[in-house]
Amino acid sequence: MAEPRAQKRTVHLDDPRALRAYAHPTRMKLVSLLRVEGPFTATRAAELTGESVASCSYHLRMLAKYGLVEEAEGGEGRQKPWRATARYTDWRGVDNEAADALNATMAQRYFESMTHALRTRRELPPDWRAAEQFGDDLVYLTAAELADVARRFAELLEPYNDRFDDPSTRPEGAEPVTVLRVAFRNDRGEATS
């Protein structure tokens, strides 16, 4: 049984086999759920995902093989709980077909999340609807300037990071908010909105 330990902030993937393993939609969902709802067993994973227990068990073992999840303390036999090994998964700087496939899978997940948010936004209180952001900017930057924008954006969010792990730091009314950071060279040179 794995000893309890503090969750790392980021796990970096560079092995093409690990990138391909993580690109599976069920595995991405399991890692995401473990980060927010975990630790939990394969049985609970099946309830949360709609997959079979056997399928979840298999996917959890595959994720463990590449260091994305690990056995958590407690439970025994088939009722062993799993936990995520890190809060984020990163593959920046990896330039191969497996990384490209993983990026495409992530873009699809982002699109599905945004579509769900748009479909259900009428259920939100008016202040949350007014605060949501859906838009884009077309700016002219060098590669170095784009890297600086990414760094500064991460710094902007840093003061809120402790709230993920420590609910006592969340002010009243704080809810989970997905902030997407997507920036790419637009070779068509056209704004999308």
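This is a predicted model: local features need pLDDT of at least 70, side-chain atom pairs count only at pLDDT 80 or more; totals for chains, interfaces and linings use all residues.
Let's start at Pro39, which sits in the loop between α2 and α3. The peptide bond joining Gly38 to Pro39 is cis, with omega at about 0 degrees. Across the protein chain pLDDT averages 91, and 93% of the residues score at least 70. Residues 1-6 are another story: pLDDT stays under 50 there, and the model gives that stretch 13 contacts beyond four places in sequence.

Now step back and look at the whole chain. Read from the N terminus, the elements go β-α-α-α-α-β-β-β-α-α-α-α. As for its extent, the C-alpha trace spans about 55 × 45 × 30 Å along the principal axes.

How do α2 and α3 sit against each other? Their axes come within 11 Å and cross at roughly 110 degrees, which makes α2 roughly perpendicular to α3. On the α2 side, the contact is made by Lys29, Leu30 and Leu33, while α3 brings Ala45, Leu48 and Thr49. Sorted by class, the contact of α2 with α3 has four nonpolar residues, one polar and one charged.

Next, follow α3 across to α4. Helix α3 covers residues 42-49 and helix α4 covers residues 53-65; they pack at an angle of about 110 degrees, with their axes 8 Å apart. These two helices are therefore roughly perpendicular to each other as well, and the crossing of α3 and α4 is right-handed. Which residues do the meeting here? From α3 come Ala42, Thr43, Ala45, Ala46 and Thr49, and from α4 come Val53, Cys56, Ser57 and Leu60. In the contact of α3 with α4 you'll find six nonpolar residues, three polar ones and no charged ones.

Helix α4 also has α2 for a partner. Helix α2 runs over residues 25-37 and packs against α4 at an angle of about 80 degrees, with the axes 10 Å apart. By class, the contact of α2 with α4 divides into eight nonpolar residues, two polar and one charged.

Finally, have a look at the aromatic rings. How many aromatic pairs are there? The count comes to one. The partners are Tyr22 and Trp91, arranged edge-to-face, with 6.3 Å from centre to centre and 70 degrees between the planes. Tyr22 lies in helix α1 (residues 16-22), and Trp91 is in the loop between β4 (86-90) and α5 (97-120), so the pair ties together parts that are 69 residues apart in sequence.

Notes:
Residues are numbered from 1 along each chain as its sequence is written. Side-chain values use heavy atoms; hydrogens and water are left out. Axes are lines fitted to C-alpha atoms, for helices over the stretch in contact, and angles run from 0 to 180 degrees between N-to-C directions. Helices (H or I, at least four residues) and strands (E, at least two) are DSSP runs, numbered from the N terminus. Angles under 35 degrees count as roughly parallel, over 145 as roughly antiparallel, 65 to 115 as roughly perpendicular and the rest as oblique. A crossing is left-handed if the near helix is turned anticlockwise from the far one by less than a right angle, and right-handed if clockwise. Contact means heavy atoms within 4.5 Å. Ala, Val, Leu, Ile, Met, Phe, Trp, Tyr, Cys and Pro count as nonpolar, Asp, Glu, Lys and Arg as charged, and the others, Gly among them, as polar. pLDDT is the predictor's confidence in each residue, from 0 to 100. Rings of Phe, Tyr and Trp (its six-membered ring) pair if their centres lie within 6.5 Å; planes under 30 degrees apart count as stacked, over 60 as edge-to-face and the rest as tilted.
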